[in-house]
Amino acid sequence: MLRKFMRKHDVTDLVMWLIGFGLLVVVFIGTYRTLASGKYENSVWLDFFIFGLAQGSVYALIALGYTLVYGILFMINFAHGEVFTGGVFTAYFFAIAMERAGFIDRHWVLALLILMAIAMTVSVMVAVVLERIAYRPLRGAPRLVPLITAIGASFFLQYTYRGIYGSGVKTYPDFPALDGKLNAFGREWPILTTQALVIVVSALMMVFLYWYVQKTKAGKAMRAVAEDKEAAALMGIDVDRVIVNTFALGGAMAGVAGILYALLFKQVNAFMGFIPGIKAFTAAVLGGIGNVPGAMLGGLFLGIVESLGPSLILDGLGIPAPYQLKDAIAFTLLVLVLIFRPTGILGERLSEKKA
Amino acid sequence: MTLLQLDNLHTYYGNIHALKGISITVEQGEIVTLIGANGAGKSTTLKTISGLLYPRQGKVYLEGKDLTKYRAHEIVKMGVIHVPEGRRVFSRLTVMENLEMGAFTRKDKDGIQKDLRRVFELFPRLEERRNQVAGTLSGGEQQMLAMGRALMSQPRILLLDEPSMGLAPVLVDLIFDTIRELNEQGMTILLVEQNALLALDIAHRGYVLETGRIVLEGDAKALKENPQVKEAYLGGS
């Protein structure tokens with residue numbers, strides 16, 4: 001029995017299982033002890049959950065950019081975090097101007113829409129130029145080449161933003177209309193108005209994207225190109241244009257995500273895209289890279305785990321200031337997914353076939 | 001009237017000289033077949049016509065217009081439609097979506113509807129499975145879909161690459177009957193086929209390719225009787 005088992009699985013498998021099992025035990029013990037101690041009330045958990053949902057929706061929007069581009073070109077656009085920064089950082093200056101003019105106080109909805117439009121435009125432009133200059137000439141090169149280029153482009157953009165917009169951390173203006181808890185339908189809800197707005201706007205964007213990819217002619221062409229570029233060209237589809245469209249679509253999502261991020265966290269700087277970018281990449285891998293619903297699901301899941309995880313799991317283990325470790329949780333999750341389910345939650349087994 | 005003319009085409013894969021001066025003409029309303037062994041350059045010829053490959057030398061003319069200056073998706077708009085080897089349907093799109101992709105360049109809604117009805121008349125099986133994902137179709141159905149999809153592009157000339165490959169004999173007959181029927185309706189067809197007997201049966205004229213060169217050409221009937229062709233491609237007898 002044992003010998004047969006050992007023949008099928010080598011020592012590495014065994015060690016991996018042990019690590020996985022060990023982590024599960026740690027998670028279980030931590031969770032149990034936290035809940036048993038009763039340190040947090042139910043309303044606090046709810047707050048954590050809702051914050052996670054809001055932050056997760058932002059991750060999901062950014063993750064869509066990674067997943068769309070991967071679906072078509074099988075490359076990770078590591079400069080996508082900077083596509084996100086470009087939009088929100090540029091919009092910052094307009095936001096400040098609008099605040100000074102009192103425009104935000106008087107017409108906050110319009111102000112928000114204008115900011116989103118600006119952020120989307122800039123992000124789309126950055127994404128499209130990136131594709132044209134950095135990636136298109138390398139199409140057909142070995143897969144490692146565009147990957148390294150992407151990392152280079154990422155640094156290039158970060159320092160360009162720093163050069164143009166300055167190196168300090170800038171504070172986004174406040175939207176007074178969004179302060180406090182949500183008041184709607186004659187009662188107060190246990191959710192901040194900003195968070196509610198972030199969740200609703202992201203949900204709308206995701207529904208739009210899903211509709212676009214599934215139902216429109218351009219979306220179908222996108223899926224056709226993702227599957228077989230040569231056959232798509234034989235249908236009269238301009239493959240280059242579809243690829244540009246894809247980058248633009250990802251850029252638009254990142255632009256909106258940028259404004260939502262600014263609403264939640266209030267701060268911008270030239271390097272702000274790095275961490276959310278890499279988290280969104282984690283989310284895309286988590287959901288199964290190349291898969292649109294997967295990126296959405298992965299983003300929400302990561303946001304919630306990151307928000308609930310520290311207090312739920314680490315607090316019970318007696319770790320002081322567990323919230324500092326939220327990034328560690330996110331990336332532990334990435335490593336675990338890559339080890340135990342490389343295709344992600346909804347992923348198909350196509351990465352090798354298509355590579 | 002000459003619809004398609006290939007003039008001394010030379011195509012390379014990297015440093016490999018795949019086509020060494022191919023000259024072919026296809027008249028309006030004809031079925032012309034290219035036969036030859038694996039690696040003779042049949043598929044390469046079709047790919048060079050449809051713009052998937054660029055010739056290093058030589059020209060492709062469609063009614064006197066030089067196609068080698070255009071890219072693949074632009075050539076489609078001129079009515080040169082290539083059904084590639086191995087069918088290449090979009091397996092994750094539904095049958096309907098595949099057919100819509102065939103009509104990608106078209107804006108005439110009525111015309112598209114008319115062609116869709118024609119495709120469903122030709123291949124009723126596709127209508128039954130219109131909402132099914134193409135990856136779940138059988139090989140024969142995928143070939144029908146590949147041809148139906150090509151017909152949605154308003155072809156003036158169809159380039160068919162190995163339509164019988166991997167199909168059961170009954171389905172091969174069905175596909176070849178359809179090719180003949182399309183031709184009787186006036187469609188010009190350039191057919192690449194491993195099964196030389198079958199191809200020469202329905203073609204008007206044929207070319208025999210060997211390692212990137214045309215070694216024989218002529219009337220399909222004459223080729224079928226040619227001892228060299230018999231020896232090499234028709235199983236000896």
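Here are some questions and answers about a predicted model with chains A and B.

Reader: How many helices and strands does the secondary structure of chain B come to?
Author: Let's start with the whole chain. The C-alpha atoms of chain B fill a box of roughly 45 × 45 × 35 Å along the principal axes. Counting its secondary structure gives 10 helices and 10 strands.

Reader: What is the radius of gyration of chain B, and how does it stand beside the globule rule?
Author: For 237 residues, the globule rule gives 18 Å. The value for chain B is close to that, so the chain is as compact as a globular protein of that length. Its radius of gyration is 17 Å.

Reader: Is strand S7 of chain B enclosed or open?
Author: Look at both faces of S7(B): Ile157(B), Leu159(B) and Asp161(B) are buried on one side, and Leu158(B) and Leu160(B) are buried on the other. Five of the five residues of S7(B) are buried, so the strand is largely enclosed.

Reader: Which residue stands opposite Leu158(B) in S8(B)?
Author: S7(B) has partners to consider. With S6(B), it runs parallel and is joined by four bridges, and there Val83(B) stands opposite Leu160(B). With S8(B), residues 188–192, S7(B) also pairs in the parallel sense, over five bridges. In that pairing, the residue opposite Leu158(B) is Ile189(B).

Reader: Is Glu162(B) buried or exposed?
Author: Glu162(B) sits in the loop between strand S7 (157–161) and helix H7 (169–184) of chain B. Its phi is positive, about 50 degrees, although it is not a glycine. A residue counts as buried with 20 or more other C-beta atoms within 10 Å. Glu162(B) has 21, so it is buried.

Reader: Which helix of chain A do the buried residues of H3(B) pack against?
Author: Seven of the eight residues of H3(B) are buried, so the helix is largely enclosed by the rest of the structure. Among them are Val95(B), Leu99(B) and Met101(B). Within chain B, they pack against helices H4 (109–122), H5 (124–128) and H6 (139–151). From chain A, the helix is H9 (217–227).

Reader: Are helices H8 and H11 of chain A roughly parallel or antiparallel?
Author: H8(A), residues 193–215, and H11(A), residues 239–265, have axes 10 Å apart. Among the residues that meet are Leu197(A) and Val201(A) in H8(A) and Val256(A) and Leu260(A) in H11(A). The contact divides into 10 nonpolar, two polar and no charged residues. The packing angle is about 170 degrees, and the helices are therefore roughly antiparallel.

Methods
Residues numbered from 1 in each chain as written. Chains lettered and ligands numbered in written order. Predicted model: local features only at pLDDT ≥ 70, side-chain atom pairs only at ≥ 80, totals over all residues. Axes fitted to C-alpha atoms, helices over the stretch in contact; angles between N-to-C directions. Helix = DSSP H or I, 4+ residues; strand = E, 2+ residues; numbered from the N terminus. Parallel < 35°, antiparallel > 145°, perpendicular 65-115°, else oblique. Contact = placed C-beta atoms within 7 Å. Nonpolar A, V, L, I, M, F, W, Y, C, P; charged D, E, K, R; others polar. Rg over C-alpha atoms; globule rule 2.2 N^0.38 Å. Buried ≥ 20, exposed ≤ 12 C-beta atoms within 10 Å, placed from the backbone. Pairing = 2+ DSSP bridges.
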